[in-house]
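These are my notes from looking through the structure. I begin with a term that I shall need for the helix packing.

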Number of protein chains: 2
Amino acid sequence: MVKYSVLSKINIPADLKKIPLSELPQLAKELRHFIIDIVATKEGHLGASLGVVELTIALHYVFNTPKDILVWDVGHQAYGHKILTGRKDIFHTNRQLGGISGFPKKNESEYDAFGVGHSSTSISVVLGMAIASQLKGDFNKQHIAVIGDAAIASGMAFEGLNHAGVTNANMLVILNDNEMGIDPNVGALKEYLTKVKQGKTEHCLNIFEALNFNYSGPIDGHDLPKIIEELERLKKIEGPKFLHVITTKGKGLRQAEENQVTYHAPGKFDKISGEQLKNSNANLPIKYQDVFGLTLVELAEKNKKIVAITPAMPTGSSLTYMFDKFPQRTFDVGIAEQHAVTFSAGLATQGLMPFCVIYSTFLQRAYDQIIHDVALQKLPVIFCIDRAGLVGQDGATHHGVFDLAYLRLVPNLIIASPINAVEFRNMLYTVQKGLDLPIAIRYPRGRIENQLKGDLWQQKFNSLPIGKAEQLTFGDKIAVLTIGTIGNTIIDVCKIKEYSDTVSHIDMRFVKPLDEIILHKVGKQFKNVITIEDGSKIGGLGDAVTNFMQENNYLDVKIHKMGIKDQFIEHGTTEELYHQVGLDKKSILNLINTLL
Amino acid sequence: MVKYSVLSKINIPADLKKIPLSELPQLAKELRHFIIDIVATKEGHLGASLGVVELTIALHYVFNTPKDILVWDVGHQAYGHKILTGRKDIFHTNRQLGGISGFPKKNESEYDAFGVGHSSTSISVVLGMAIASQLKGDFNKQHIAVIGDAAIASGMAFEGLNHAGVTNANMLVILNDNEMGIDPNVGALKEYLTKVKQGKTEHCLNIFEALNFNYSGPIDGHDLPKIIEELERLKKIEGPKFLHVITTKGKGLRQAEENQVTYHAPGKFDKISGEQLKNSNANLPIKYQDVFGLTLVELAEKNKKIVAITPAMPTGSSLTYMFDKFPQRTFDVGIAEQHAVTFSAGLATQGLMPFCVIYSTFLQRAYDQIIHDVALQKLPVIFCIDRAGLVGQDGATHHGVFDLAYLRLVPNLIIASPINAVEFRNMLYTVQKGLDLPIAIRYPRGRIENQLKGDLWQQKFNSLPIGKAEQLTFGDKIAVLTIGTIGNTIIDVCKIKEYSDTVSHIDMRFVKPLDEIILHKVGKQFKNVITIEDGSKIGGLGDAVTNFMQENNYLDVKIHKMGIKDQFIEHGTTEELYHQVGLDKKSILNLINTLL
């Protein structure tokens, strides 16, 4: 048992400032241990925070937070920051329902100057803060953005640098260069940074100097005295400054250094040996991500037109299978959702079939490209929208709950969501036979349903007619219309004869185009219709059905919309959250029972 | 009368290739004259196309379009391209209903390899095309993107460069550097390009070389033999290439060279003298843009917290008044909508009141930032959404018809739209008194209504309660609910007593939050309700009202939604387009008469 001889004295950064410089390396050791100790059992993001332990200590040591502004880009790396800023004692509640967030969050602490989660926002927001200070006549306040080398390659970060470079804003951008995002970083800028680190660009303006930043570095991000010295120096320099820091993701835990992708968020592990704990995953169903990745390989073997694109999530999206098998046909474009979509549009113009795989919440970054570059031109890009619905512990910044609504209003776009893995595979099979329009297929994070009959991989592919729903039960009292995997709750309910006799369960499969034939039947037969979706109640399936009934004069049909009400949802397990938002089996049954 | 001695021989690029090199300067002269001749009377974008006359000729001379791919970024500069690619004889129909589009458009010509309109898409799409050729084993096909120095500073362009630099795609990016967007270009990259042009970065990797592009230039973009020589040379080089070309926007028309902002799209002008034709604008009402710009200055004089942000549209948004009066508090961030929104969020965290002014269609570029950086954190950014509704001749890429729908599903966001200039001023006045939440205020392109009583500027400001509608007439047969300036059609209708006796016209003012008190009244009193909005029928006011009636069990109320149906709308005058989509006075009256 390690004693926290220094860390125990620190609750907030003011305490840190009382520690002599000589004790800071010990503090780094303890902070690292504290993070490992808790993440080993409570799970969470590990590697990123281990990599910036020294930087975190140095920043709070040198600067006067929270008066001075500190914004961590993305926020995976901010565990040390949270622990040093008043949240040590509740750090074990990290990512749990009611506990602290896994990301910096504005209303959680005054030390979290800005809420983050999505990448590459820090330069823009810190510039805004620095300009605000200037306008308010405060020329002493410091404004710092810490951004990784994957995040800085995103277009938005470039926009921030480009603007900052023509201001005299008192801001410091710290590039935390560890050559990793969640997966290894890619792109020309990354290769360039390597040259910078190797000293191959000496005597020349580097890119950041070219953009008018006062550049310094690269320095060793694990050398505490060096970082502190450099931050002290930069504190006194006016205008936009840029510090290039080299760190090792996972620093201090051998396995995390060696397996940086796995130990980005390793799940439970042995805090002494560092080994991941064996869990009973072997007996659990496969993940939707793997169904996607493996099916795509299966289809790509026969269909040479298939190509796949991911913005920096090859592992998370299980595109690794495609990368292994068809490296020439698989593209990791880095954290660049806008580019990913329009690059896919370009591929589609030449007759290829791009499967553009993006997490639901990150697809928001490419909204204009979906409309302007794909849908308007009717290019048959296939959007595979991963992590739709509530995603659990990543919380408000990561839930994929808006996609059905923001996509439904886009002309020319087909929107589908499978109820299970078989239907998912059939959808992927169907689209690669060739469509005239773009399509979005959304599916959740996590494992497929247990109740699949037989071996998923032995079942023959079937084409699904576009815009056709499937009626699963034929009860006579109410209709329940579901989209996506949340429909399994109703399948479950209807295993009881009482319900299968009374409930007509329809798996809509498509939110657009709607199956109008089945909706006319519903409108004629039922007075009470329940719609269920794991997305925003505004604008999704429920609204589509409501609108259909109105337009077709089924005015006496009462639509009971179940979905996520008009608010942001916090973090917790998906089970807890679905209960909280009233989309768990009990809540659904309650409504059904009320209507029966 | 100039004779088109060379141009008359050219209908498609194949004809161009038969012309001897020595005659190309004459062709440039004639092409320039042809553009001036037609734009002088038919209106349209002028300066950009005049600037690339030589480049356009050279590209089609050297490359084998349409087999070789040529994508013009944004597309304002593509008039010469259209004229040389089979559209000379119909060029006079430019931007007219049923005529050719003002932008390259995929289904208009095989020479328009990709539809454009929004900025900075060309590098991504051309990379996609070049990679597709590679995968198909075509190593001879050329893929060229022409992009301006304002567009290349947008984040999306950087994402494309960053990816292209690690491929060996056979692509050529041509930077058309004229130091202008619509307004003068801004940002650190622009300053850097100036240094490059001055030769101050010699012997060093410049930014584009740093990103692994084979860079050449800068060369004079009006020196035809030089451009042709350089393109011929580049044609033989493998991998990603970058050619830096210096041009003068408006080249060849003195006034257009001297007044580049005005002559970007000058309206009618004398084709000989170049002078803009005096029209009767003096007697026309002021534009909404000017109401916005002048009111903001008026408010900013008293309220020191007000700051204003535009992504590259200071003139178009009439933020020029703010720039003149409060240059320190007004920010043109370049074509960088993502940054503009998150920069605004940063300003808001420090207690300032950012008025973030973005055209409706371009706000799509910042959708994630609205959700993730503003709404989630309840930062009171004020989005002023310019050019909402149908914008006329700019067409499908520029209509602002999706905003109500894609914004309505964002939690915490207030959405308002004024019916007239007085209400608009009152909304601006209201928000600067301080809100706890972000708000979007959308208003159309163009002039305010004639029917305003009295002098707009003499009317005292009034606070408008958030979420409160205003009932304008109290008829007893049907309710007509409108949002925004399209409500003036109903005001017009209700000037006839027959209608004011029968129609209850409610100016909703807010789409979110809805005025539930007035909607309950409507639900109780009326069986027929018409909703009218100049935006997508999916997801907007109509759906909001339909949903309210359903949830509150006014099941026998029939909602007649008027809005833009689920398709992209082409170009034409706004009058023609509103007629086409059934939102003109006649169509609205027809529905009202049917229901009365």
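I call a crossing left-handed if the near helix is turned anticlockwise from the far one by less than a right angle, and right-handed if the turn is clockwise.

Entry on helix packing. I looked up helix 4 and helix 5 of chain B in this predicted model. Helix 4 of chain B passes helix 5 of chain B in a right-handed crossing.

I then asked which residues make the contact. Helix 4 of chain B contributes Val53(B), Thr56(B) and His60(B), and helix 5 of chain B contributes Gly80(B), His81(B) and Leu84(B). Sorted by class, this contact has two nonpolar and four polar residues, and no charged ones.

Entry on chain A. I found 24 helices and 17 strands in chain A. The radius of gyration of chain A is 26 Å, close to the 25 Å that the globule rule gives for 596 residues, so I record chain A as being as compact as a globular protein of that length. The C-alpha trace of chain A spans about 75 × 50 × 50 Å along its principal axes.

I noted that 61% of the 596 residues of chain A count as buried. Of the chain A contacts between residues at least 6 apart in sequence, 79% join residues at least 24 apart.

Entry on confidence. Chain A averages a pLDDT of 95, and 98% of the residues score at least 70. For the model I recorded ipTM 0.96 and pTM 0.96. Where pLDDT is low, the predicted coordinates should not be read in detail.

Conventions:
Residues numbered from 1 in each chain as written. Chains lettered and ligands numbered in written order. Predicted model: local features only at pLDDT ≥ 70, side-chain atom pairs only at ≥ 80, totals over all residues. Helix = DSSP H or I, 4+ residues; strand = E, 2+ residues; numbered from the N terminus. Rg over C-alpha atoms; globule rule 2.2 N^0.38 Å. Buried ≥ 20, exposed ≤ 12 C-beta atoms within 10 Å, placed from the backbone. Contact = placed C-beta atoms within 7 Å. Nonpolar A, V, L, I, M, F, W, Y, C, P; charged D, E, K, R; others polar. pLDDT = per-residue confidence, 0-100.
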